[in-house]
Amino acid sequence: MTALGIGIVSLAMMVVLIIAGLHVAISLLLLSFVGVWLMRDSIDVALALMAQATNDSIASHEFGVVPLFVLMGLLVATADLGKDIFEVANSMLRRIRGGLGVATVMANAVFAAITGISIASAAVFTKVAVPEMLRFGFTPRFATGVVAGSSVLGMLIPPSLLMILYAFLSEQSVGAMFLAGVMPGLVLAIAFSVAIIAMAWLFPGYVGGTAAVNVPGMALREAAVKVAPVVLLIFVVLGGIYGGIFTATDAGAVGALGALALALAKRRLTPAIFWKVLVETGRITVSVLFLIIAANLYSRMLTLSGLPQFIVEWMAGLGFGVAGFLTVFIAIVLFLGCIIDSASIMLIVLPLMLPVAKTLGIDLVWFGVITVVAVEIGLLTPPFGISVYVVKSTLNDARITLWDIFAGTQPFTLIMFAVLLLIIAFPGIALFFN
């Protein structure tokens with residue numbers, strides 16, 4: 001078999017192994033190792049390449065950004081800042097029809113700016129927002145759909161683990177990717193909010209919650225006390241990056257320290273909880289870095305096979321321009337989003353598609369935002385939709401089925417797709433701060 005044939009077979013086997021349940025990083029490493037072994041007919045070459053790829057992948061101090069931002073996000077969740085943000089937003093928007101839904105979106109947007117993990121957002125606001133919406137008469141389908149739908153903001157508004165992963169895979173600046181996610185994240189949050197208000201007026205039976213306008217207000221002093229720590233943390237972390245005061249890695253360290261101080265000040269952090277947070281930070285960090293190592297080796301194997309170059313030439317032969325390429329790319333990502341998780345999609349697709357994007361002269365920062373938004377749609381689409389599963393497991397209510405939640409997320413899936421098209425049509429949305 002030719003090297004190109006080995007590369008093509010490895011792609012097919014990749015999908016088969018992941019669907020069969022093998023961890024994506026193990027699949028990448030196994031297929032890459034075997035692929036190089038077959039192409040070079042030498043196990044020593046395959047072992048040497050694996051060792052070199054492992055060292056090159058995470059040798060830079062910049063990878064310290066991963067555990068630092070993960071630690072910050074987990075400490076913020078421990079400090080119950082998500083609950084505080086939601087209560088303030090609910091008080092501000094209580095007179096608007098569908099205001100509790102909008103409050104959930106706004107709180108999720110703010111929470112995203114200090115966590116960067118969609119799953120964390122889904123879990124926190126399932127506990128905080130869903131019971132409140134159900135108490136005021138919102139339908140279960142709408143309440144759970146809002147939480148699952150708005151949780152995707154956690155991977156778009158910086159800091160974002162997917163943005164960090166893309167930056168490493170594409171060799172772009174983490175800070176530049178963070179800057180690029182701000183405006184699209186705000187646009188998506190506004191689009192969600194407008195849609196919720198429109199649904200509340202046009203389809204009151206689907207939304208429910210007319211009694212929510214009677215929620216009592218919150219004193220200005222109490223609101224300020226609740227929201228000030230969050231605003232300060234966001235200002236220090238993101239303001240420091242955007243102002244050029246420190247790097248993304250430095251920002252992670254400052255943010256983690258600030259989140260630790262807040263958790264201690266709110267007396268939410270016992271030694272047992274802190275140990276649990278540290279262990280979870282280690283688990284997530286090792287998982288992410290292991291994926292990066294595997295992706296690096298996989299990318300080198302594909303380069304040796306000549307598959308990326310073949311795809312570039314094939315698309316050029318078909319006369320594919322930027323529009324045609326993006327259409328194919330998004331279709332592939334949306335399809336994979338139905339069956340595998342976000343990080344796996346990026347690790348499988350980007351080593352193949354980034355060379356094509358470079359050849360077509362596409363701005364890789366803009367392309368990164370498109371990738372993240374398209375990948376995040378997969379968090380809401382059946383049958384895999386991991387945000388939906390997180391909401392279901394956290395809610396633990398037999399009356400609300402998995403398919404109720406999937407149905408509730410569909411309006412938000414359509415809105416995300418519309419915003420994706422908007423970002424493609426107007427690249428300035430993603431490049432506004434770059």
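In the predicted model described here, helix 16 (residues 322-336) and helix 17 (residues 342-359) pack with their axes 11 Å apart and at an angle of about 175°, where helices are DSSP runs (H or I) of at least four residues, numbered from the N terminus, and axes are lines fitted to C-alpha atoms over the stretch in contact, with angles running from 0 to 180 degrees between N-to-C directions. Helix 16 is therefore roughly antiparallel to helix 17, a label given to angles over 145 degrees. On the side of helix 16, Phe325, Phe329, Ile332, Val333 and Leu336 meet Ile345, Val349, Leu350, Met353, Val356 and Ala357 of helix 17, contact being defined as heavy atoms within 4.5 Å.

Residues are numbered from 1 along each chain as its sequence is written, and side-chain values use heavy atoms, with hydrogens and water left out. Local features need pLDDT of at least 70 and side-chain atom pairs count only at pLDDT 80 or more, whereas totals for chains, interfaces and linings use all residues.

Helix 17 also contains Ala343, which counts as buried because its relative accessibility is 16%; buried means under 20% relative accessible area, exposed means over 50%, and partly exposed lies in between (1.4 Å probe, protein chains only). Leaving aside neighbours within four places in sequence, Ala343 is in contact with Leu162, Leu165 and Leu291, and its C-alpha atom is separated by 9.7 Å from that of Ile292, 51 residues apart along the chain.

Helix 9 (residues 161-170) is largely enclosed by the rest of the structure, since nine of its ten residues are buried. The buried residues of helix 9, among them Leu162, Ile164, Leu165 and Phe168, pack against helix 4 (65-78), helix 10, helix 14 (271-305), helix 17 and helix 18 (364-377).

When residues up to four places away in sequence are not counted, Met133 touches Leu100, Gly101, Thr104, Phe138, Phe142, Ala143, Val146 and Val147.

A search of the whole structure finds eleven aromatic pairs, in which the rings of Phe, Tyr and Trp (its six-membered ring) have centres within 6.5 Å, with planes under 30 degrees apart counted as stacked, over 60 as edge-to-face and the rest as tilted. One of these, formed by Phe192 and Phe412, is edge-to-face, at 5.2 Å centre to centre and 80° between the planes. This pair links distant parts of the chain, with Phe192 in helix 10 (residues 174-202) and Phe412 in helix 20 (residues 402-425), 220 residues apart, and both Phe192 and Phe412 are buried. The pair of Trp403 and Phe406 is tilted, because the ring centres lie 5.2 Å apart and the planes are at 35°. Trp403 and Phe406 both lie in helix 20, three residues apart, about one turn of the helix, yet Trp403 counts as exposed at 55% relative accessibility, whereas Phe406 is buried with a relative accessible area of 2%. Elsewhere, Phe138, Phe142 and Tyr206 form one aromatic cluster, and the charged end of Arg97 sits over the ring of Trp201, 4.0 Å from its centre, the criterion being NZ of Lys or CZ of Arg within 6 Å of the ring centre and within 35 degrees of the ring normal.

Notes. Helices (H or I, at least four residues) and strands (E, at least two) are DSSP runs, numbered from the N terminus. Angles under 35 degrees count as roughly parallel, over 145 as roughly antiparallel, 65 to 115 as roughly perpendicular and the rest as oblique.
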